[in-house]
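Student: I have a structure open and would like to learn how to read it. Can we go feature by feature?

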Amino acid sequence: MNLPVIIKFVIDLLAVLLLALGIKGLSKVKSARDANRLAAFAMSLSVVGLLSYYLGTSGIAIQSWIWIIIGSIIGSLFGAILAKKVPMTSMPETVALFNGCGGMSSLLVALGVAIFPISGGQENFDFFKSLINEVSISVSVFVGAITFTGSIVAMAKLQGWLSTPGWTQSKVRHFVNIVFAVASLIAFFDLISGNTSSIWLLVIVSSLLGIGVTLPIGGADMPVVISLLNSYSGIAAAAAGFVVDSQLLIVAGAMVGAAGLILTQVMCKGMNRSLVSVLFGGSLSAQSTASSGSGEYTNITSCSVEECALTLEAANKVIIVPGYGLAVAQAQHTLREVTKKLEQNGIEVVYAIHPVAGRMPGHMNVLLAEADVPYEQLKEMDVVNPDFPATDVVLVLGANDVVNPQAKNDSSSPLYGMPVLDVQEARTVFVIKRGMSAGYSGIKNDLFDLPNTSMVFGDAKKVLNDLIGELKDLGVGEK
Amino acid sequence: MSFISLLWVLLLGSLLGLELIGKVPPTLHTPLMSGANAISGITMLAALTLIVKAEGNVPLLIIGSVSLGFALFNVVGGFFVTDRMLAMFSRKPSNKK
C-alpha cells in the first residue's frame with residue numbers, strides 16, 4: 001500500500017461517516033441545517049480524495065482538467081442559480097428536476113464506459129469480470145434512464161405542463177409497460193452476451209418505461225413518486241460505483257437508495273396509500289368520477305367577505321387550514337397579516353397542517369415559515385383534530401381533499417380511510433375558494449354542503465386583502 | 001477490489017441506509033428528500049473517474065464532462081435548495097418575542 005491509496009482510503013471512510021451522520025441529522029428539526037452542510041462538506045471531501053488519489057498515482061492530464069472544469073462550472077452554476085431563484089411553491093418539481101439529472105449522470109457514465117471501455121479493462125480479460133462489468137453497466141443505464149424520464153414527467157405534471165392522458169388510465173398502460181419491461185430485459189441479455197450496440201435499445205426502452213410508469217400517476221401521489229425516484233437515483237449511483245470500481249460510490253448510493261425507500265414508505269403512510277396502489281392504481285380522480293365524484297352539490301351557502309370578517313371578529317379561537325391553493329396564490333404573507341390583526345384582538349390563532357398539505361409533506365410548513373408564522377402556531381393534524389369542536393371559526397384556504405368528511409363517513413369513497421382534518425366539528429367554517437371545482441382527487445367535497453359551511457368565492461390573495469380592509473373597518477387589531 | 005467485497009459494501013451500505021431514518025416529522029419530509037437527493041449526486045465521482053481515465057479520447061471526455069455537469073447540477077442545486085428550506089425553520093424561534 002502506498003501513500004495515495006492510504007490517503008484516499010481514510011478520506012473515503014471519513015466521507016461515508018459524515019454522509020451517514022448527515023442523513024441521520026436531516027431527520028431531526030434541530031440538527032437538520034447543520035446536517036445538510038455536513039453532507040455537502042462530505043461530498044466535497046470525497047472529490048478532493050478522488051482527485052488527490054489520481055494526482056498521486058497516474059496523474060491527471062491537462063485535457064482532463066479542462067473538461068473537469070468546464071463540466072463542473074456549468075453544472076454548479078445552473079444548479080446554484082436555479083436553487084436561489086426558484087419560488088418555494090415549486091419546490092417539489094425542483095427536487096424532481098435535480099433528481100432526474102442525477103439519474104442522467106449515472107446513465108451517461110455507464111454509457112461512456114460501454115461505448116469506450118476504459119483502459120485496464122481489456123489487458124487481463126476475464127469472463128467473470130467482464131460479465132459483472134456489463135451487468136453493472138446495464139443496471140446503471142436502466143435505473144438511470146427510468147430516474148431521468150420519470151423525474152422529468154413528474155416535474156412536468158406538477159408544473160401543469162403535462163396532463164394525464166386518458167389511455168394511461170385504462171388497462172392498456174399495463175400492457176404497454178410490460179412490453180417496455182420485456183424489451184429492456186431482451187436488450188439486457190443481448191448486451192451481456194456481447195452485443196454492445198444493444199445498449200442503445202436499453203437506453204430507449206428504459207426511458208420509455210420511466211415515462212410509461214410515471215405518466216398515469218395522479219398529481220396527489222407525485223411526492224411519493226419523487227421520493228421513490230430519489231431512491232432509484234441512489235441505486236443508479238451504486239450501480240455506477242460498480243462500473244468504475246468505487247466503494248465510496250457504492251456505499252453512498254446504497255445508503256441513499258435505502259433511506260429513500262424508507263422515506264417513501266413513511267410518506268405513503270401519511271397519505272394512507274400503499275406503494276402498490278400509488279404505482280399501479282392510476283390516478284385517484286379517474287377511478288372516482290364513476291362513483292361518488294359525480295354527485296351534485298345541493299346546499300351551498302356563499303357569503304361575502306364582510307360577513308366573514310364579522311364572524312371572525314366575534315371569535316375566540318380561529319383555526320386556519322392552508323392548502324396548495326394558498327401557495328399558488330402566493331397569499332401566505334397576506335394571510336399572516338390577517339392573523340396578526342386577529343391576534344392583536346386577543347383571538348387565538350392556530351394553523352392546522354395536514355401531513356400532505358401543499359402537495360408535498362412539509363411543504364406548507366416551509367411556505368408559512370417563509371411568511372414569518374411562528375413555528376409554535378403550526379399544529380400537526382393529530383394534535384389539532386381534538387380542538388375543532390371548541391373552535392369558533394375555521395378558515396379553509398385553498399385546501400380541499402384534506403378537509404373532506406367523506407374520508408371518514410363514506411366507505412365507498414376513494415378517499416375513505418385517508419386521515420383528514422375534522423373541520424366540520426367547528427362552529428363555523430369558511431371555505432375560501434375560486435369556484436366549485438373539485439380538489440386534486442377530483443372528488444366532491446361533502447363539507448361544502450354542510451349547514452355550518454359558507455363559501456367565500458375568489459382568489460385567496462384578493463379575498464384576504466379584502467378581509468384585511470374589512471377587519472380594519474371593524475377596528476380589529478387597531479388598539 | 002474483488003467483486004465479492006464490493007457486494008459486501010453494497011449490502012452494508014443498504015443496511016446502514018435502512019437504519020438511518022426511523023421517525024421523521026412530516027415537516028422534514030421535503031427537506032430530507034431534497035438533501036438525500038443531493039447526496040445521490042455522488043455519481044459525480046464516477047464522472048470524474050471517467051474523465052481522468054479517458055486518456056485523450058475526446059468523445060469520452062465530452063460524455064464525462066456532460067455527466068459531471070448533470071451530477072453537479074444535482075449536488076449543488078440540491079444542497080442549496082435544502083439549505084433554503086431549512087433556513088426558514090431555524091430562523092423561527094428567535095424572531096418571535
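Tutor: Start with burial. A residue is buried if 20 or more other C-beta atoms lie within 10 Å of its own. Keep in mind that this is a predicted model.

Student: Which residues of H15(A) are buried?

Tutor: They are A:His363, A:Met364, A:Asn365, A:Val366, A:Leu367, A:Leu368 and A:Ala369. That is 7 of the 8 residues in H15(A), so the helix is mostly covered.

Student: What backbone feature comes just after H15(A)?

Tutor: The general idea is this. Most residues other than glycine have a negative phi. Now the case here. Just after H15(A), A:Asp372 takes a positive phi of about 70 degrees. A:Asp372 is not a glycine. Its place is in the loop between H15 and strand E3 (378-380) of chain A.

Student: Where does B:Glu55 lie?

Tutor: Look in chain B, in the loop between helix H3 (44-52) and helix H4 (58-91). B:Glu55 is not a glycine, yet its phi is positive, about 50 degrees. With 14 C-beta neighbours inside 10 Å, B:Glu55 counts as partly exposed.

Student: Back to helices. Which residues of helix H12 (residues 305-313) of chain A are buried?

Tutor: The buried ones are A:Val305, A:Cys308, A:Ala309 and A:Leu312. They cover an arc of only 100 degrees around the axis, which puts them on the same side of H12(A).

Student: What do the buried residues of H12(A) pack against?

Tutor: Both strands and helices of chain A. The strands are E1 (317-322), E4 (393-397), E5 (428-433) and E6 (453-457). The helices are H14 (332-344) and H18 (460-473).

Student: How do I describe two packed helices?

Tutor: Use the angle between their axes and the distance between the axes. Take H14(A) and H18(A). Their axes come within 9 Å and cross at roughly 25 degrees. Angles under 35 degrees count as roughly parallel. H14(A) and H18(A) are therefore roughly parallel to each other. H14(A) passes H18(A) in a left-handed crossing.

Student: Which residues make that contact?

Tutor: H14(A) brings A:Thr334, A:Leu335, A:Glu337, A:Val338 and A:Lys341. H18(A) brings A:Lys461, A:Leu464, A:Asn465, A:Leu467, A:Ile468 and A:Leu471. By class, this contact has 6 nonpolar, 2 polar and 3 charged residues.

Student: At what angle do H4(A) and H8(A) pack?

Tutor: At about 25 degrees, with their axes 9 Å apart. H4(A) and H8(A) are therefore roughly parallel to each other. The crossing of H4(A) past H8(A) is left-handed. By class, the contact has 17 nonpolar, 6 polar and no charged residues.

Student: Now the chains. How many residues does the contact take from chain A and from chain B?

Tutor: First, a general point. The size of an interface is often given as the accessible area lost when the parts come together. Here we count residues instead. The contact takes 100 residues from chain A and 80 residues from chain B.

Student: Which elements of chain A give two or more residues to the side that touches chain B?

Tutor: They are helix H1 (3-25), helix H2 (32-56), helix H3 (62-85), helix H4 (91-115), helix H8 (222-244), helix H9 (247-270) and helix H15 (363-370). H9(A) gives the most, with 19 residues.

Student: What is the make-up of that side by class?

Tutor: The side of chain A that touches chain B has 63 nonpolar, 31 polar and 6 charged residues.

Terms used: Residues numbered from 1 in each chain as written. Chains lettered and ligands numbered in written order. Predicted model: local features only at pLDDT ≥ 70, side-chain atom pairs only at ≥ 80, totals over all residues. Contact = placed C-beta atoms within 7 Å. Helix = DSSP H or I, 4+ residues; strand = E, 2+ residues; numbered from the N terminus. Nonpolar A, V, L, I, M, F, W, Y, C, P; charged D, E, K, R; others polar. Buried ≥ 20, exposed ≤ 12 C-beta atoms within 10 Å, placed from the backbone. Arc of directions from axis to C-beta. Axes fitted to C-alpha atoms, helices over the stretch in contact; angles between N-to-C directions. Parallel < 35°, antiparallel > 145°, perpendicular 65-115°, else oblique. Left-handed = near helix turned anticlockwise from the far one by under 90°.
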